[in-house]
Amino acid sequence: MCGRYAASRGPEDLAGIFEIEKWEPEETLAPDYNVAPTKEVYAVLDRPLKDAEDPRPVRQLRKLKWGLVPSWSKTPEGGARMINARAETVHEKPSYKRAFSSRRCIIPADGYYEWVTAAAERELEGEGKKKRPRKQPYFVLPADGSVFAMAGLYEFWRDKTLPDDHPQAWWVTCSVITTEAETGPLAVAPADGPRALADIHPRMPLMLTPDRWDSWLDPSRTDVEDLRSLLAPPPPGLMRAYPVSTAVSNVRNNGPELLKELEGPEEGTLF
């Protein structure tokens, strides 16, 4: 799954990476090293500009809320639960299938956090232990330091309780697509810890390599089977993972120190 990630790159950097044509300075976000659901995040999307005479899609950097609210939803309350969409079923689930066919985006990140689900922990939970052991968080990122481009969907939702000219009349929300975690060896693995992403958690965000960016963002591509071919996992061996402080487990903590690599799992945590 993807429940937390880090995003420190600014608009100027992202504009160069993704060849952004349009972004609004007032939508600039501060670097965030502990992005959690319901926060505002950057998303790259191709869409015609509002009220423009030219109907061609323009690559934009937009500020969206993480947690998708379907256009048909009566309230936005379910958005916090729709932070992830499974690649295996995204084309058929009512909440995601319309966005999958025409409203796809890329959610840029430095990498994502995942808390290990270890065999020892599963055994304790199976025995009915009331107190859950502390999980060791890992930071997962491209081994070459490039942007982690997560496949995403976005949606528009109209709050009908507000007038048309109200700044919060329209919500633009997004979701990260996830896939099965890689079982092959990490490009760089911790000395004492998991050797593959699947050793940390069975799911991972679907990373799009640069050769798929244009195809994924193209709103003219609407054939479901054609689009499903873009959901194939990236080549293996591109990622690294390392343990980080359990401070990241508290959403109130935020700063570059959360990305500091530890020599090994913190005392009292499980792997």
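Predicted model: local features only at pLDDT ≥ 70, side-chain atom pairs only at ≥ 80, totals over all residues.
Two strands pair if DSSP finds at least two bridges between them. Strands here are DSSP runs of E with at least two residues, helices are runs of H or I with at least four, and both are numbered from the N terminus. Strand 10 (residues 137-142) and strand 14 pair in the antiparallel sense, over five bridges.

Residues are numbered from 1 along each chain as its sequence is written, and side-chain values use heavy atoms, with hydrogens and water left out.

Stay with strand 14, residues 239-243. Is this strand mostly covered or uncovered? It is mostly covered, with five of its five residues buried. Buried means under 20% relative accessible area, exposed means over 50%, and partly exposed lies in between (1.4 Å probe, protein chains only). In a regular strand the side chains alternate between the two faces of the sheet. In strand 14 both faces are covered. Met239, Ala241 and Pro243 are buried on one side, and Arg240 and Tyr242 on the other.

Now turn to helix 1, residues 11-18. Its buried residues are Pro11, Leu14, Ala15 and Phe18. They cover an arc of only 105° around the axis, which puts them on the same side of helix 1. The arc is that of the directions from the helix axis to the C-beta atoms. On the other side, Glu12 and Gly16 are exposed. The buried residues pack against several elements, including strand 4 (40-47), strand 5 (58-66) and helix 4 (213-217). Contact here means heavy atoms within 4.5 Å.

Next, look at the backbone. Most residues other than glycine have a negative phi. Glutamate 19 has a positive phi of about 55° although it is not a glycine. Glutamate 19 lies in the loop between helix 1 and strand 2. It is exposed, with a relative accessible area of 60%. Threonine 38 also has a positive phi, of about 80°. Its place is in the loop between strand 3 (32-35) and strand 4. Threonine 38 is partly exposed, at 42% relative accessible area.

On a 1 Å grid over the protein atoms alone, a cavity is a set of points where a 1.4 Å probe fits but cannot get out; a pocket is an open set with protein on both sides within 12 Å along at least five of seven lines; lining residues have an atom within 4 Å of a point. Grid points are joined across faces, edges and corners, and a volume is the space filled by probe spheres set on the points.

How much space lies in the largest pocket? About 870 Å³. Of its 26 lining residues, the closest to the centre are Glu27, Arg62, Phe156, Trp170 and Val172. Strand 5 gives the largest share of the lining, six residues. The second largest pocket holds about 170 Å³. Among its lining residues are Pro142, Trp213 and Leu238.

The search of the whole structure also finds three cavities of 30 Å³ or more. The largest cavity has a volume of about 40 Å³.
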